[in-house]
Amino acid sequence: MIGRTPAVSAKSRKIVEVLNGKTVSPPPLWLMRQAGRYLPEYRATRAEAGSFLDLCYSPELATEVTLQPIRRYAFDAAILFSDILVIPDALKRNVRFEEGHGPRMDPIDADAIFALKEDGVQDHLRPVLEAVGRIRQALPGETALLGFCGAPWTVATYMIAGHGTPDQAPARLFAYREPEAFARLLDLLADLSADYLVAQIDAGADAVQIFDSWAGVLGEKEFADYAVRPMRRIVDAVRSRRPQAKIIAFAKGAGLQLKTYRQETRADAIGLDWSVPLSFAAELQKDGPVQGNLDPMRVVAGGSALDEGVDAILQALGNGPLIFNLGHGITPQADPENVTRLVARVRGEAQ
């Protein structure tokens with residue numbers, strides 16, 4: 001069991017300090033998908049759980065896999081182990097994860113969107129919230145706990161196609177052909193997501209991240225309508241009930257549209273994928289905290305490629321409010337020893 005230090009207040013946790021606009025040196029760090037298949041202990045727990053969704057809905061096992069990377073690396077934050085598709089699962093869309101194919105669900109059409117019922121969604125997610133409470137109790141006092149959800153646009157893409165696609169053409173086409181149904185779906189997902197995030201905060205999360213993993217396929221108007229507007233709806237709804245809530249918005253592939261993304265969504269920090277130039281990232285940082293943005297392939301490569309990538313980010317962004325992270329999730333082929341090297345490099349510790 002990880003030792004607890006309850007005397008440490010949430011406000012003094014390093015990631016919370018950065019989200020409040022403070023520059024912390026060395027910067028706090030965590031990694032997207034830090035609990036995952038690159039760790040042998042995760043693979044063992046995953047096998048014990050049976051299915052992936054069984055792992056997500058087991059408070060005991062979800063707590064265990066969330067804590068595994070904290071035990072190894074003492075990251076500055078743990079992130080709840082779950083999945084962005086638990087909300088469509090709670091909406092009875094027959095979500096399942098097929099080996100070698102990823103998530104699958106029953107594709108939704110316009111009639112089914114208008115027939116969706118919110119009843120029972122939060123009850124369905126209660127095991128996830130129990131895990132949040134357990135994780136917070138088990139974490140060291142200085143370690144932040146992050147909750148999360150998927151952004152409405154990204155979740156909607158899976159609901160419409162029934163699976164992931166390279167450019168989300170099914171969702172884009174549906175949005176043009178069925179604008180009223182699509183707007184209804186985004187609004188419903190935003191409202192349910194806000195409820196879910198408030199519940200995570202109440203259960204012990206210090207901050208939450210909203211993942212818009214497919215924002216990069218959208219044009220300018222579509223980005224405003226499908227990415228920004230629903231994200232702003234979530235942020236406003238959460239803040240109306242929990243004014244001190246800290247929110248990180250991650251719109252992968254958004255590029256130049258990140259220039260006004262923070263202001264338009266009212267997020268406290270913006271996550272940056274690895275394609276964001278560090279010069280542009282430094283401009284974005286002038287308006288507030290940023291998070292990112294090491295290429296996950298550098299963690300696979302290790303050695304000088306890893307060191308150079310870490311050093312470039314620290315040089316460009318280390319003198320402002322920064323949460324060090326990857327530009328997307330860590331990949332299964334990453335060597336755990338390379339993560340040890342990354343952590344030491346960021347913290348200036350000798351190897």
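P26 sits in the loop between α1 (14-19) and α2 (40-49). Helices here are DSSP runs of H or I with at least four residues, strands are runs of E with at least two, and both are numbered from the N terminus. The bond to look at is the one between S25 and P26: it is cis, with omega about -5°.

Before I go on, a word on the source. This is a predicted model, where local features need pLDDT of at least 70, side-chain atom pairs count only at pLDDT 80 or more, and totals for chains, interfaces and linings use all residues. Residues are numbered from 1 along each chain as its sequence is written, and side-chain values use heavy atoms, with hydrogens and water left out.

Back to the backbone. Most peptide bonds are trans, and most residues other than glycine have a negative phi. G292 and N293 are also joined by a cis peptide bond, with omega about -15°. N293 belongs to strand β8 (residues 290-294).

Now phi. N94 is not a glycine, yet its phi is positive, about 55°. Look for N94 in the loop between α5 (86-90) and β2 (96-98). R266 is another residue other than glycine with a positive phi, near 70°. The loop holding R266 runs between α13 (261-265) and β7 (269-271).

How buried or exposed are they? N94 has a relative accessible area of 41%, so it is partly exposed. R266 is at 44%, so it counts as partly exposed. For cut-offs, buried is under 20% relative accessible area, exposed is over 50%, and partly exposed is in between, with a 1.4 Å probe and protein chains only.

Next, N325, in strand β9 (residues 322-326). Its relative accessible area is 0%, so N325 is buried. What does its side chain reach? The backbone oxygen of W30, at 3.2 Å. A polar atom of the N325 side chain also lies 3.0 Å from the backbone nitrogen of M32. A polar contact here is a pair of N or O atoms within 3.5 Å; within protein, one must be able to donate a hydrogen and the other to accept it, and residues adjacent in sequence count only if both atoms are side-chain atoms.

Last stop, the surface. D109, D111, E178 and E180 form a patch of negative charge. Patch residues have over 30% relative accessible area and no salt bridge, with like charges joined within 9 Å. A salt bridge would be a side-chain nitrogen of Lys or Arg within 4 Å of a carboxyl oxygen of Asp or Glu. E180 is in helix α11 (residues 179-203). At 66% relative accessibility, E180 is exposed.

Definitions and conventions:
Patch = residues over 30% accessible without salt bridge, like charges linked within 9 Å, V, L, I, M, F, W, Y side chains within 5 Å. Areas by Shrake-Rupley, 256 points an atom, 1.4 Å probe, with all protein chains shown as cover. Lys, Arg positive; Asp, Glu negative; His and termini not counted. Charge placed at Lys NZ, Arg CZ, Asp CG, Glu CD.
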